[in-house]
Each structure stands twice: as C-alpha cells, then as structure tokens.
Amino acid sequence: MESVSCPICVDSSNIPIFTKPSGRGEPFTLVRCAWCGLRFLDPRPDENEIVAYYEREYFTTRTDRGYDNYFSPPVRSEIERVIALNCADLHLDDLERAIPGERRSLDIGCAAGYFVNYMRDRGWRASGVDIARDCIDFAADRLSLDVAFGNYLDMSYPHRFHLITLWATIEHLHRPLDVLRKAHDDLADDGRLYLTTCRDDRWTFGRLKGAAWRYYNFPEHLFFFSRKTMIALLDRAGFAIERFLTYGSGFGAPSSPLRRIADSMAKRWAMGDMMLLSARKK
Ligand SMILES: [Zn+2]
C-alpha cells in the first residue's frame, strides 16, 4: 500500500469521507483534497499490487464491479453503440474533415480493442495500449489490431497522433497527470483528446446514492473527478476543454423504462454520473 497526495495541488492535506470494503472485504478510505476537493483513495495498492485486481475474472465474470464476459457479442455491441454515440457527441466527423492525409489514433486502456477496431473501420491508422494481457491477446489475435501490452508511460511512438482517447480509464490510473502530460507530448498540435470518466459532482444522480454509488468500486477506481477537478487536471497537463457533456443515471435496471427516462433526464439536465469531453492543446 502507498499513501497518495492530490495530483493537482501537491502540498494539500487529505480529509477522509468514508470507508468501504473492496470485493474481497479489505477496507478502503475515500478522501478529498482540502484545497481543490478532488476525491481519491488514500492509501491504495501500489502499481504492482493492483495487478491482482485485474485477473481474468474482471473481464469475464458478472459482478457489480467488472464485466459480464467482456468478449461476448452482446457486450461488444453495447460498447460499440456507446462509442458511436460518444464520437457523434464530440463531433469526430469535424476532426476527420480537418485532417488531410493519414489519420492516427491511440486508445489508452484499450481493453479488447473495440474502439481501435471502430477507428480502423473509419479508415484511421488506429493503435491501442493496455496492461490487461488477456484483452491485448484477444485484440491482437482475434481482431488483428495494432495493440501493445504494457504501461502507456513506458511506450514511445514513431509519430504523433491526431486523436488520443481514454474511455473510462483515467479513474483507474495511479499517475493520471503523468499520463495526460505524455498524451500532450504524443498528440499532434491540432489533435484532440477524448475522455470519459465517472463524475463525482454535487448535482448528479450518483450523489443521491452516497457510498452505494455504482462507480465507487474500491480499489479498481482510484480517482473520482468532478467537472471542476477534471478541468484543473487537464489544465495542469496543458489542455483546454472544447466540449463537455454528462450522461448516465444508474437508476433502474439496464434497458428498463425507468433507466431510459432517468438517463434522458440526466443527459438533458447535465446531471449524468459520467462525463464525456474533448480537449485540445492550450
Ligand atoms: Zn487538490
């Protein structure tokens, strides 16, 4: 276990909020930065210890924290539906029109490569990177994608990218600021960063649920950003937000009428417990 300080404020102190067990019953404490309010786990498993939480079951066994067989066709098509929706909301077609010649994308935390595959189908030279070995094997062997196993911070690339994406990834990262700074270096000057993460904010459907919020999965999720703290972190890494939306409610069973109504209210009133944004270099 290691102790953690706010990546935005560095010298600030941490105020405990509550303690909640992991799937194995170990207690983890959520704290907030006294200065900026960013929420995160402190202490937390270090980068070597966390690997044990991402064994194969994380992607293949239905729990409230992992996926119900991530490799199955229904899960894949649901992920692809959300990907297409997110790209339309962020005006990916505008970005494509602005890039003459070869378009290059990189998906950090690409898992089984569904987004890499989506971009390749759109005509991009698409790459991905992930620390989950089973997922990378699936993406490389079954989908023949250009994906690399390992930590993004250890990677170097022969060219810069026009689009770098972090889909529901940044909340898992031990060093989110380092990753965003490297993404800034790896991004072309007129490129875009697309990012989604769970949104821990005052006026969201999630706040109504307190510690039972669907995204308080300790210790798989290490950071819980609000709109304000996300903007502050991006700013420190040299990015300015271009578009910002929220979506998702977590109310009712998936695809139930209650879920559909709550999701549509969440998106319209910006009360979603997920945020979706595009950013560019300042
Ligand atoms: Zn802070």
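**Figure 1. Packing of helices H6 and H7 in the predicted model.** Helix H6, formed by residues 176–186, and helix H7, formed by residues 227–236, have axes that come within 9 Å and cross at roughly 50 degrees. The two helices are therefore oblique to each other, and their crossing is right-handed. On the H6 side the residues that take part are Pro-176, Leu-177 and Leu-180, which meet Leu-233, Leu-234 and Arg-236 of H7. Sorted by class, this contact of H6 with H7 comprises 5 nonpolar residues, no polar residues and 1 charged residue.

**Figure 2. Packing of helices H2 and H4.** Helix H2 (residues 73–89) and helix H4 (residues 114–121) pack with their axes 10 Å apart and at an angle of about 60 degrees, an arrangement that makes H2 and H4 oblique to each other. The crossing in which H2 passes H4 is right-handed. H2 contributes Arg-76, Ile-79, Glu-80 and Ile-83 to the contact, while H4 contributes Tyr-114, Phe-115 and Tyr-118. By class, the contact of H2 with H4 holds 5 nonpolar and 2 charged residues, with no polar residue.

**Figure 3. Val-116 in the largest nonpolar core.** The largest nonpolar core has 69 residues, and the members that touch the most other members are Val-116, Ala-139, Ile-164 and Leu-193. When neighbours within four places in sequence are left aside, the residues in contact with Val-116 are Asp-107, Cys-110, Ala-126, Ser-127, Gly-128, Ala-139, Leu-145 and Val-147.

Figure 4. Most peptide bonds are trans.

**Figure 5. Positive phi at His-91 and Ala-168.** Most residues other than glycine have a negative phi. His-91, although not a glycine, has a positive phi of about 60 degrees, and this residue lies in the loop between H2 and helix H3 (92–98). Because 14 C-beta neighbours lie inside 10 Å, His-91 counts as partly exposed. Ala-168, also not a glycine, has a positive phi of about 45 degrees and is found in the loop between strand S7 (161–167) and H6. With 17 other C-beta atoms within 10 Å, Ala-168 is partly exposed.

Terms used:
Residues are numbered from 1 along each chain as its sequence is written. This is a predicted model: local features need pLDDT of at least 70, side-chain atom pairs count only at pLDDT 80 or more; totals for chains, interfaces and linings use all residues. A nonpolar core is a set of buried Ala, Val, Leu, Ile, Met, Phe, Trp, Tyr and Cys residues joined through C-beta atoms within 7 Å. A residue is buried if 20 or more other C-beta atoms lie within 10 Å of its own, exposed if 12 or fewer, and partly exposed in between; C-beta atoms are placed from the backbone. Two residues are in contact if their C-beta atoms, placed from the backbone, lie within 7 Å. Axes are lines fitted to C-alpha atoms, for helices over the stretch in contact, and angles run from 0 to 180 degrees between N-to-C directions. Helices (H or I, at least four residues) and strands (E, at least two) are DSSP runs, numbered from the N terminus. Angles under 35 degrees count as roughly parallel, over 145 as roughly antiparallel, 65 to 115 as roughly perpendicular and the rest as oblique. A crossing is left-handed if the near helix is turned anticlockwise from the far one by less than a right angle, and right-handed if clockwise. Ala, Val, Leu, Ile, Met, Phe, Trp, Tyr, Cys and Pro count as nonpolar, Asp, Glu, Lys and Arg as charged, and the others, Gly among them, as polar.
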